[in-house]
Amino acid sequence: MKPELIEINPLGTKAVRVKRLETNCLIASFHFHDLCELVWIEKSYGKRIVGDHIGSFEDHDLVLMGPDLPHIWQSDNNFLAEEKNKVKSTVIYFPSDFLTALTEDKGVLNLMDDMVRRASRGLRFYGKTNREVTRILAKLPQKKALIRLYPSCRLQIF
């Protein structure tokens with residue numbers, strides 16, 4: 001399976017794009033793009049391919065991927081068969097250097113660079129980190145608070 005390059009078309013070089021999905025299924029092409037992507041599967045289960053790793057995902061799956069990493073999430077047929085099931089997920093796209101617009105703190109920037117480097121093959125978050133990050137992601141639709149905290153960061157939620 002050959003991955004397809006897709007354009008995310010962010011608002012600019014320092015933009016963060018947040019996509020909230022509530023749909024019947026997760027079926028997309030195997031693709032990659034030039035942005036980092038954080039994916040939180042609030043509700044669904046199925047198969048996930050990230051780079052050369054094939055695995056399963058379920059409710060509360062949280063994965064960070066670096067730029068140009070091919071990936072796909074596909075809902076399981078059993079999940080799709082139940083009419084009442086709706087996939088709920090949040091996807092955040094951001095350039096790997098977006099923090100440079102928010103801080104000049106070398107320590108923070110070095111940590112971010114290290115995390116993006118480690119995400120070049122995909123990072124799955126568990127336990128306390130997963131719970132803390134997903135709690136924040138659940139509140140993202142109230143975007144005004146985020147813009148007040150980081151006025152120089154451009155944010156698009158759809």
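1. Let's start with a term: a residue is buried if its relative accessible area is under 20%, exposed if over 50%, and partly exposed in between, using a 1.4 Å probe and protein chains only. By that rule F79 counts as buried, because its relative accessibility is 2%.

2. A word on what you're looking at. This is a predicted model, in which local features need pLDDT of at least 70 and side-chain atom pairs count only at pLDDT 80 or more, while totals for chains, interfaces and linings use all residues. Residues are numbered from 1 along each chain as its sequence is written, and side-chain values use heavy atoms, with hydrogens and water left out.

3. Back to F79, which has a ring partner. Rings of Phe, Tyr and Trp (its six-membered ring) pair if their centres lie within 6.5 Å; planes under 30 degrees apart are stacked, over 60 edge-to-face, and the rest tilted. The structure holds one aromatic pair. In this edge-to-face pair, Y45 and F79 sit 5.4 Å apart centre to centre, with 85° between the planes. The two are 34 residues apart in the chain: Y45 belongs to the loop between β4 and β5 (46-50), and F79 to helix α1 (residues 77-81). Helices (H or I, at least four residues) and strands (E, at least two) are DSSP runs numbered from the N terminus.

4. Have a look at β8 next. Four of its five residues are buried, so this strand is mostly covered. Strands pair if DSSP finds at least two bridges between them; β5 and β8 do this in the antiparallel sense, over five bridges. I49, for instance, has I72 in β8 as its bridge partner.

5. H60 is not a glycine, yet its phi is positive, about 75°; you'll find H60 in the loop between β6 (53-57) and β7 (61-65). D68, also not a glycine, has a positive phi of about 65°, and lies in the loop between β7 and β8. H60 counts as partly exposed at 43% relative accessibility, and D68 is partly exposed too, at 47%.
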